[in-house]
Amino acid sequence: MNYKMMGKFVGHIALVEGVFMIPALFIGMYHHETKSIIAFLITMAIIGIVSAFLLAVCRNSKKMFYAKEGLTCVGLSWMVLGVLGALPFVISGSIPNFIDAVFESVSGFTTTGASILTDVEVLPRSILYWRSFTHWLGGMGVLVFVLAIAVGSEGKSGFTMHLLRAESPGPKVGKLVPRMKRTAEILYLLYIILTVLDFIFLMIGNMPVFDAVCTALGTAGTGGFGVRNDSIAGYSPYIQNVCTVFMLLFGVNFSCYYLLLLGQVKNVFKDEELRIYLGLVFGSIALIVWNLRGFYDTLGETIRYAAFQVATVMSTTGFATADFDQWPAFSKAILMCLMFVGASAGSTAGGFKVGRLMLLMKNLRRKVRKSVNPNRVEIVRNNGDMIDEDTLANCNSYLVAYVLILVFSFLLLSLNGFSQTTTFSAVVSCFNNIGPGFEGVGPTCNFASFSWFSKVVLIFDMLAGRLEIFPILILFSKSTWRRR
């Protein structure tokens, strides 16, 4: 294990987090929020000390970096982000309990949107901004951001590919362009452009500037932290529709946007994952609208509510405009299924991913056909490209780990004594980085009633879900830390 290189990179990650707290500090100064100002100053000082120590101790690190170091480094970095990001909540008194603060911070960075807060409107503006900004920073990935600004010479060691693969969602991560640093730059440029467009459209709907900034940050990261207790329900239908559209846009693989910039429109619409994603979205909306007939006053209102909830669940954003826990069982069943599926690989959304589900289904079809005709030679393809056996094996391994974590987390959370629907949906929503679940953790409730132990389990689930499981699991393996 290259401990010095890992320590150096974690130091850089912490330093980036501290720099990104500066806007929140300025917001606190503008609104004269003394406690928040002190909290951010102390946190930034702590981050500065930690970063300086790590960078000083690890300054002579070797640049040899392999897959194991990449996975371990990503897992450690995200844990450090969550703990350090919780300090402003604790020090300012906004969330006095440390476990609760870490839960809120990790929920933000992993773009889950699950909250322990019962009244967000009493929070200082600077804390609300930081809470929403964690979504944006975690959406594309803070390590991807560091790669975008990292010195290009380090790319020769190959560590950039290991880091990007470990942090980026999906069964297979590749380059948009030959150089990984340039790929990271393109991803963040597209991310920023879409975020700004979202903000502009929200402003056109006369949304307050502060609300528009926080909502755009939460939508871009497919997070879900709102600045109002009713989430997005209190805003105009226009603003709700804007959020619906952009939640779906951020659930699309960002490589599709890159192809659009290159003028390859036909290749975008030929993308199998995109077609399945859009098919699931519009199919789910149609079925829910049919099931909700007569539930709302007009057809237009029914479509708006159905489209928003489908978009917020499938993109794993977590905003809400209606209490879908009161909907008919069939509509809730559709939303529960969408919680598992999630959006596209290579997007800012969580969940199992449409791309991974598509590969598993194709592989299952191949196995069925080969069981009938053992001599049959069949290749699994995606968009005409052959999928190698390692990728398919990784999908199968991911599925096994996915199910095991769901089962064990469900059993552990059952110790709270809540209903099975509350317990199971809490695990599903956190593991798939969605936010709200059903019953006790529905869109009008929160996670405050869970025990500290259950919150720790859910923190693990949020991190495992955001990082595609393995960068977190590897931290608990003895072989990871064993010296060769």
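Tyr191 and Phe250 are both buried, where buried means under 20% relative accessible area, exposed over 50% and partly exposed in between (1.4 Å probe, protein chains only). Welcome to this predicted model, in which local features need pLDDT of at least 70, side-chain atom pairs count only at pLDDT 80 or more, and totals for chains, interfaces and linings use all residues. Residues are numbered from 1 along each chain as its sequence is written, and side-chain values use heavy atoms, leaving out hydrogens and water.

**Ring pairs**

- The structure holds 30 aromatic pairs; rings of Phe, Tyr and Trp (its six-membered ring) pair if their centres lie within 6.5 Å, and planes under 30 degrees apart count as stacked, over 60 as edge-to-face and the rest as tilted.
- One of them is the stacked pair of Trp136 and Tyr191, at 4.9 Å centre to centre with 15° between the planes.
- This pair links distant parts of the chain, 55 residues apart: Trp136 is in helix H6 (residues 125-140) and Tyr191 in helix H9 (residues 180-204). Helices (H or I, at least four residues) are DSSP runs, numbered from the N terminus.
- Trp136 counts as buried because its relative accessibility is 9%, and Tyr191 has a relative accessible area of 0%.
- Tyr191 and Phe250 have ring centres 6.2 Å apart and planes at 90°, so their pair is edge-to-face.
- Phe250 lies in the loop between helix H11 (237-249) and helix H12 (254-261) while Tyr191 lies in helix H9, so the pair ties together parts 59 residues apart in sequence. Their C-alpha atoms are separated by 8.6 Å.

**The wider neighbourhood**

- Trp136, Tyr191 and Phe250 belong to one aromatic cluster, which also includes Phe20, Phe109 and Tyr257.
- Leaving aside residues up to four places away in sequence, Tyr191 touches residues including His135, Met140, Ala220 and Thr348; contact means heavy atoms within 4.5 Å.

**A charge over two rings**

- The charged end of Arg356 sits over the ring of Phe352, 5.7 Å from its centre. For this, NZ of Lys or CZ of Arg must be within 6 Å of the ring centre and within 35 degrees of the ring normal.
- Arg356 also lies over the face of Tyr398, at 3.7 Å from the ring centre.

**Tyr238**

- Another tyrosine, Tyr238, has its place in helix H11.
- Tyr238 counts as partly exposed because its relative accessibility is 33%.

Terms used:
Helix = DSSP H or I, 4+ residues; strand = E, 2+ residues; numbered from the N terminus.
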